[in-house]
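Hi everyone, thanks for making time for this. Let's have the model up on the screen, and then I'll walk you through a few places in it.

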Amino acid sequence: MTTSHIVFAGAFILLAIGLYSLLIIRNLIKIVIAIQIMVKGAMLAFVAAGSLNGQSNLGQSLAVTVITADTIVAIIGLALAIRIQQSAGTLDIDKGINREG
Amino acid sequence: MPPVLVVSLALSPVIYLTGRWRMAVSRSFTLAALAVLWMAFGLIIRDFSTTWIYAQTAVRFAFDGISLLITAAVLVLSTLTAVFSFSDVRGESGEEKYYAMLLLMTGAVIGLVSAGDLFNLWVWFELTAITSYLLVAFHRERADVLAACAKYLIQTATGSILVLFGIALVFAQTGTLDLAQLQVSATPLAVVAGTLFIMGFGVKIALVPTYTWLPDAYAQAPSAISALLSGIVTISGLAALLRVLSLLDGMALGWGAALIGFGTLNIVVGNFLALRQDEVKRVFAYSSISHIGFMLLAIGIGIYADQDAGFQSGMLHLFIHGLMKALAFLAVGAVIYTHRNAPLKVNDLAGLAGREPLLATAMVVACLSLAGVPPLAGFVSKWQIFAAGITTDSVVLVILTIFAALNSVFSLAYYFPIINALFAKENAPPQRPVPLGMRLPIFLLTAALIIIGLYPSLLDGLVIAATQSLTALFGGSI
């Protein structure tokens, strides 16, 4: 059990926290934050994986690439939040989104 | 092909910028970019042998038969939907962004299916997702559209994070990400990684527990985008899933069984939910879920029973389903365009047969082909799936195949009300005529479905190349 193993386990704990938040939270901005928590977990997992197999550089560069992609997703999510707040007057996805199926 | 993707990536901002100045220039750039992609595709299909690896740059590509088939489908569909959109979204605000994103999405799908590196595969996957969020939310002034897009974004983003965790597990275990060298031995960690991949990509291809974004997104997106999403973008996730699962050694039987299970579930759930819909686009959206089930069943049979016929029928159905769904959504889009009523109910189709024979014929051909009525293209691929399933040794597979065939007949129950409505008495006159730019893609797709139904061997070149690649992927690991 090295430090890297503990960090790797920590990454999965972050994933679990994010998934649990997605289940209980209804506010769109908080949902974006929950997604961010999970992505941070994934980045941590890449860094830990890189140090586990002796390729720290590769692992860290992958983590940096993930930052770029997930920032775009966060921006689109927040832009949607602004639009939904303007048109529906609420950020609660249960009121704005619920449709059958 | 892969190096030419630079064209798609570089021209997309050009299209956006010129669109702010003159829309006509922007449209010509879109067509020019698609023409370049077509030329590159023509060059590669001329002397295509097996896998073509391009690894000069840091971004590795491996272009094999599956890439060839899906590239063909995405080029056909994006060209037709682009021509359709030139009339459909003309004059709407944000038109230039639409074309830029359409081109970027085309490039991203080609990149996704020809990626030669596990992490690049994820980057292309994320790029397809991001471009499709923006396209789904095109009518951003409508609250329903925003809500559908938010639902799509939350679910897809979660799925892609699960994929990312799977990749991290594979990376931790092997230390490499090159798809050509990667072989993960059968350990508990590999099972976890495979499960994460199925859950993550499963959101994108609408496996049953995580399908709920699909009907909303397809119903609220512009019709041409529904056609493209349903026809090929969603399905490209399946190619990515197969490529990734084939890396996990010695567990192919398990994954094959999982695909068969999910496939059967998708067929049943898609069919039953489609029955309850009265909005035409939602009917087609739910029928997409059931057709994805047919593909999964066919490919699952291919893996589980080690049958090339399963792979071949699955790949053929993948291509033909793209054409059928594109035709269905484009025909609906043309009706919505003439009537200016966005949620098109089944009853609103009344009188179409007398007024617009081409659109009515297109709808009938699309519906019958989706239901698998001979002599249309949908019959050919469904028949091959059932033939592949029946000839296996396993009793369970034979029972599942018969069950799927019954479901296919059952699907007529929701296609017939649409056909029926076309011939009903007219209740609302159209507000504007159907432009030629919309008629052309609809006519071409209708003709293609009839011709492929009569001469299915026309697609043999593409389908056999894809089958060989799939066999090579899974052949060694059983």
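Let's start in chain B, at B:Ala206, in the loop between α7 (188-204) and α8 (213-220). Helices here are DSSP runs of H or I with at least four residues, strands are runs of E with at least two, and both are numbered from the N terminus. Before going on, please keep in mind that this is a predicted model, where local features need pLDDT of at least 70 and side-chain atom pairs count only at pLDDT 80 or more, while totals for chains, interfaces and linings use all residues. Residues are numbered from 1 along each chain as its sequence is written, and chains are lettered from A and ligands numbered from 1 in the order in which they are written.

Phi of B:Ala206 is near 60°, a positive value in a residue that is not glycine. Most residues other than glycine have a negative phi, and most peptide bonds are trans. Is B:Ala206 buried or exposed? It is buried, because 27 other C-beta atoms lie within 10 Å. The cut-offs are these: 20 or more other C-beta atoms within 10 Å of its own makes a residue buried, 12 or fewer makes it exposed, and in between it is partly exposed, with C-beta atoms placed from the backbone.

B:Asp306 also has a positive phi, about 55°, and is not a glycine. You'll find B:Asp306 in the loop between α11 (280-304) and α12 (308-339) of chain B. B:Asp306 counts as partly exposed, because it has 17 C-beta neighbours inside 10 Å.

One more loop, please. Which residues does a cis peptide bond join? They are B:Pro374 and B:Pro375, with omega about 5°. B:Pro375 sits in the loop between α14 (357-371) and α15 (377-390) of chain B.

Now to helix packing. In chain B, helix α3 (residues 65-88) and helix α18 (residues 436-454) pack at an angle of about 150°, with their axes 7 Å apart. Axes are lines fitted to C-alpha atoms, for helices over the stretch in contact, and angles run from 0 to 180 degrees between N-to-C directions. So α3(B) is roughly antiparallel to α18(B), since angles over 145 degrees count as roughly antiparallel, under 35 as roughly parallel, 65 to 115 as roughly perpendicular and the rest as oblique. Among the residues that meet here are B:Leu80 and B:Phe84 in α3(B), and B:Leu444 and B:Leu445 in α18(B). Contact means that the C-beta atoms of two residues, placed from the backbone, lie within 7 Å.

B:Leu445 turns up again: B:Leu327 touches B:Leu445, B:Ile442 and B:Leu449, among others, not counting residues up to four places away in sequence. B:Leu327 is also one of the residues that touch the most other members of the largest nonpolar core, which has 223 residues. A nonpolar core is a set of buried Ala, Val, Leu, Ile, Met, Phe, Trp, Tyr and Cys residues joined through C-beta atoms within 7 Å. Helix α6 (residues 143-174) of chain B gives the most to this core, 21 residues.

Last stop: the two chains together. How many residues does each chain bring to the contact? Chain A brings 33 residues and chain B brings 28 residues. On the chain A side, α3(A) has the largest share, 13 residues.
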